[in-house]
Amino acid sequence: MSELIMSTGNKAVAAAVKMAKPLVVAAYPITPQTEIIESIADYVEAGDLKARYIPVESEHSAMTACIGASITGVRVFTATSSHGLLYMHEMLHWAAGARLPIVMGQVNRTLAPGWNIWAEHTDALSQRDTGWLQVYVSTVQEAYDATLMAFRIAEDNRVLLPVMINMDGFLLSHIMQPFEMTEPGDFIPPLDLPHKIDVNDPKGYGAMSPANVHYQFRFDMEKSMRASRTVINETEAEFAKRFGRSYAPVEEYFCDDADVIIVAMGTLGKEAEVAADLLRKEGIKAGVMRIRWLRPFPLDMNIKGKDLVVIDRDCSFGFGGVVAGEIQARYPDAKIASVIAGLGGQEVTYEDMAEFVRSRKMGTEFWFGIPQEEQ
Amino acid sequence: MSRMPKMTISVPHEGGAGLTGSWRTFRPVVDRETCNHCGICAMFCPDAVIDPDTLEIDLVYCKGCGICSNECPKKCIKMVREEH
Ligand code: SF4
Ligand code: SF4
């Protein structure tokens, strides 16, 4: 049975966590994510979620507590945002290297200075190389669905890597949309962590790993990342079969016959669909590719011969848009016009995006809002 | 299907970190008169070199960290400088 309810993205993530029944949640509040862990705390308090809720003194400790809990073989969840995510950085590497299927709700927020609580992707992208899977969602429903799927994907023994669900700050975390609160039933199988601790057979975890073996552990992570592509496809297909909502690692909107494709992540990638409609009315064959899974990176994007307008809500200083750069690296023939837009919550409307397409100059980088002569 | 990821897991065994006794600058010396056999020192010793029954310290592996001395509620373990 499922019901349609109005909810913020934050509350939808918390509702999915309740359904997934983690045994341990350790978290520290930070805007705009706080509502996720407040809702979970309420569930635990009311007895609706039988979990140990560990309030900690910092995000570094939150991830550390999650690592300690996860190694005992129980399901674990945490949530954070922005500076909180950065404060976890060391332990994000540790969680992935220790092969722990921790699931984290991550609300994308700008980094200071100056202080800014609005949406930007730089926080999560700066954790790109930690070994976490990263999915970016675009609606409240997708936030709910992706959270349910994240547990199944992370815990699959072919993966055993943590998963970060990214959701745009305020644009999704605090916006209410109707969504269907699906009961997952046995969609998420019980967790069977092959390397969980056994108090009757004590072992040391994270001991010295000398140069002659360390690369093997890292290659095993890379192999699991590669295998996660299959697991994601299987999980999304099974989800669609059971619950009728289908997702792909890259969501396509009118791409088959498109001459020009807007590529973006998160809410911008959804809003871009309206821009494509607008452009098609003007006779421009536009489409949208919304990258959902950035890690593992999609290797089968059908972009041959098409102009790409890649919108990055981030910047790698001295390099450019991260997403544009990654596409170029994996698809050397890609024709890209890179747009840096939406930093610090800068408003980017579908009309703006349509204009990015109309006035695109291939092979260049354009900063939205900066006068042409300063570009 | 249970697939074990490749990672560092170590199993404790005697001398697993080598002859750690050679690290020692201070040697734990127990005053057997005051000792009440509570076993706390053995519990805390990070190298498990204090026999929990006899409370004998295996100086081949005792690295001289002094944790036993610090934890002993009777303050009967003195750390005495080794003469090398
Ligand atoms: S000095 Fe350290 S290693 Fe030696 S017995 Fe005491 S606690 Fe153990
Ligand atoms: S902790 Fe002190 S009193 Fe207790 S057994 Fe060890 S030496 Fe004796």
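Biologist: In this predicted model, which residue forms a salt bridge with A:Asp257?
Modeller: Look at the loop between S10 and strand S11 (260-264) of chain A, where A:Asp257 sits. Its partner is in helix H9 (residues 267-281), 23 residues apart from A:Asp257. The closest N and O atoms of the two are 2.8 Å apart, and the partner is A:Arg280.

Biologist: Is A:Arg280 buried, exposed or partly exposed?
Modeller: Buried would need under 20% relative accessible area, and exposed over 50%. A:Arg280 has 26%, so the label is partly exposed.

Biologist: What about A:Glu35 and A:Lys11, how many residues apart in sequence are the parts they tie together?
Modeller: Their side chains meet in a salt bridge (3.7 Å, N to O). A:Glu35 lies in helix H2 (residues 34-46) and A:Lys11 in helix H1 (residues 9-20), so the pair ties together parts whose separation is 24 residues.

Biologist: Stepping back, what is the radius of gyration of chain A?
Modeller: Chain A has 375 residues, so a compact globule would come out near 21 Å. The value for chain A agrees with that: 20 Å.

Biologist: What share of the residues of chain A count as buried?
Modeller: The cut-off is under 20% relative accessible area. Taken over the 375 residues of chain A, the buried share is 57%.

Conventions
Residues are numbered from 1 along each chain as its sequence is written. Chains are lettered from A and ligands numbered from 1 in the order in which they are written. This is a predicted model: local features need pLDDT of at least 70, side-chain atom pairs count only at pLDDT 80 or more; totals for chains, interfaces and linings use all residues. Side-chain values use heavy atoms; hydrogens and water are left out. The radius of gyration is taken over C-alpha atoms; the globule rule is 2.2 Å times the number of residues to the power 0.38. Buried means under 20% relative accessible area, exposed over 50%, partly exposed in between (1.4 Å probe, protein chains only). A salt bridge is a side-chain nitrogen of Lys or Arg within 4 Å of a carboxyl oxygen of Asp or Glu. Helices (H or I, at least four residues) and strands (E, at least two) are DSSP runs, numbered from the N terminus.
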